[in-house]
Amino acid sequence: MGEFKAYRIREIEKKAVARFEELSLEDLDKGEVVIRVAYSSVNYKDALAATGAGKIIRRFPCVGGIDLSGTVTESADARFSRGDAVICTSYDLGVAHDGGYAEYARVPADWVVPMPKGMNLFEAMALGTAGYTAGLAIDVLSRLGYRVVALTGKENVADYLEGLGAKEVMSRKSLDLSKIKPLDKATWAGAVDNLGGEVLAWMASTMMPGGTIASIGLAASMNLNTSVAPFILRGVSLLGIDSGATPMPQRREVWRRLAGDMRPAHLKEITRTIPFDELPQAFDGLLKGAARGRIVVDLAA
């Protein structure tokens with residue numbers, strides 16, 4: 001195997017600097033499984049890592065990309081054979097172990113998920129880390145019989161969100177987050193929050209008795225200033241969703257369900273594909289909140 005293209009993040013003068021480089025397999029971190037990467041995706045965490053906007057990278061240099069799908073070319077582990085379609089997300093991928101932004105990846109076998117029946121390489125990354133995390137939080141509530149209300153900070157996206165299944169769209173600007181009550185009007189049976197901070201505090205105060213919040217992100221803030229009232233007077237549950245170190249049996253089951261009963265109905269409509277060469281241009285829009293839907297990176301073109 002000769003050299004191949006990779007998007008590698010280095011530290012130069014105490015700043016993260018990312019660029020395309022030519023690597024060989026020997027340059028990559030150790031692992032039992034070598035994968036010809038077909039697709040990766042652009043996640044908020046990837047943008048923070050590649051631009052240095054967040055202290056995400058734990059070791060330099062490191063090939064970026066916290067997820068990938070592809071085909072096994074070599075395996076020292078009997079669980080995988082040449083030609084197997086596989087998925088790899090989370091763990092240290094793209095932050096402390098060379099990740100998915102390269103034409104080839106070498107990873108520990110214990111991180112690798114066989115492609116579930118009914119899903120292909122592209123669909124796996126159309127979902128990617130974000131979709132997998134949403135799967136852990138059961139983020140397809142409208143298909144499970146719930147009436148879904150979407151909360152957004154973006155203007156002019158109501159039709160888009162309603163097309164994905166939301167029965168109502170609320171603007172974050174309609175909330176007075178400066179005056180959050182310990183207990184407000186009981187409104188929600190369940191909620192998925194990827195913002196943290198004041199929005200999460202407001203959600204807790206407006207949950208119905210016995211309601212559950214799945215916390216999957218901290219795009220607004222990692223702080224939470226709330227009271228115990230919702231938890232001891234309404235029995236509200238706050239569940240933290242950790243997609244990074246999910247036990248493999250649960251990880252495989254969630255991917256199986258994402259290929260089946262939890263499969264999003266509008267996966268193609270919410271996905272934009274970019275060639276590998278255009279990867280650097282994708283990060284800025286994501287950090288500014290201008291991106292919509294999922295961005296898949298095509299490394300096989």
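This is a predicted model: local features need pLDDT of at least 70, side-chain atom pairs count only at pLDDT 80 or more; totals for chains, interfaces and linings use all residues.
**Ground rules**

I number residues from 1 along each chain as its sequence is written, and I use heavy atoms for side-chain values, leaving out hydrogens and water.

**Entry 1: cores**

I looked up the nonpolar cores, taking a core as a set of buried Ala, Val, Leu, Ile, Met, Phe, Trp, Tyr and Cys residues joined through side-chain atoms within 4.5 Å. Buried is under 20% relative accessible area, exposed is over 50%, and partly exposed is in between (1.4 Å probe, protein chains only). The largest nonpolar core has 46 residues. Its members that touch the most other members are V33, V42, Y101, V107, L279, F283 and V297. Apart from this core lies another, of 30 residues, and I noted A38, I87, V113 and V254 among them. I then listed the contacts of V107 (heavy atoms within 4.5 Å). Beyond its neighbours within four places in sequence, V107 is in contact with G31, E32, V33, I35, C88, L93, H97 and V112. As general background, nonpolar side chains tend to be buried together in soluble globular proteins.

**Entry 2: strands**

Strands (E, at least two residues) and helices (H or I, at least four) are DSSP runs numbered from the N terminus. I count two strands as paired if DSSP finds at least two bridges between them.

I followed β5 (residues 67-75) to its partners. With β3 (residues 33-41), β5 pairs in the antiparallel sense over 6 bridges; V37 has G70 in β5 as its bridge partner. With β6 (residues 85-89), β5 is again antiparallel, over 5 bridges, and L68 has C88 in β6 as its bridge partner.

I also looked at an open sheet of 3 strands, with the order β2-β1-β4 and antiparallel pairing. Its edge strands, β2 (15-23) and β4 (62-63), each pair on one side only. Strand β1 (residues 4-12) meets β2 over 9 bridges, and F4 stands opposite L23 in β2.

In α1 (residues 44-51) I found D46, A47, L48, A49 and A50 buried. Their cover includes β1, β2, β3 and α7 (279-287). G52 follows α1 and has a positive phi, near 80 degrees.

How many of the residues in α4 (residues 197-205) are buried? I get 8 of its 9, so I call the helix mostly covered. The buried ones are G197, V199, L200, A201, W202, M203, A204 and S205. They pack against β9, β10 (168-171), β11 (188-193), β12 (207-215), α5 (229-233) and β13 (237-240).

E198 also lies in α4, and is partly exposed at 47% relative accessible area. Not counting residues up to four places away in sequence, E198 touches L177 and I180. Its C-alpha atom is 25 Å from that of Y160, 38 residues apart along the chain.

**Entry 3: salt bridges**

I count a salt bridge where a side-chain nitrogen of Lys or Arg is within 4 Å of a carboxyl oxygen of Asp or Glu. The count comes to 15.

- R79 bridges to D77, with the closest N and O atoms 2.9 Å apart. D77 is buried, at 17% relative accessible area.
- E123 bridges to R263, with the closest N and O atoms 2.4 Å apart. E123 lies in α2 and R263 in the loop between α6 (248-258) and β14 (271-275), so the pair ties together parts that are 140 residues apart in sequence. E123 counts as buried at 15% relative accessibility, whereas R263 is partly exposed at 24%.
- K288 bridges to D284, with the closest N and O atoms 3.1 Å apart. K288 is exposed at 63% relative accessible area, and D284 is partly exposed at 42%.
- R8, R10, R19 and E21 are linked in a network of salt bridges.

**Entry 4: a surface patch**

Patches take residues with over 30% relative accessible area and no salt bridge, joining like charges within 9 Å and nonpolar side chains (Val, Leu, Ile, Met, Phe, Trp, Tyr) within 5 Å. I noted a nonpolar one formed by I138, L144 and Y146, with about 270 Å² of accessible area together; areas come from the Shrake-Rupley method with a 1.4 Å probe, and for residues only the protein chains shown count as cover. L144 is in the loop between α2 (121-136) and β9 (149-152), and counts as partly exposed at 39% relative accessibility.
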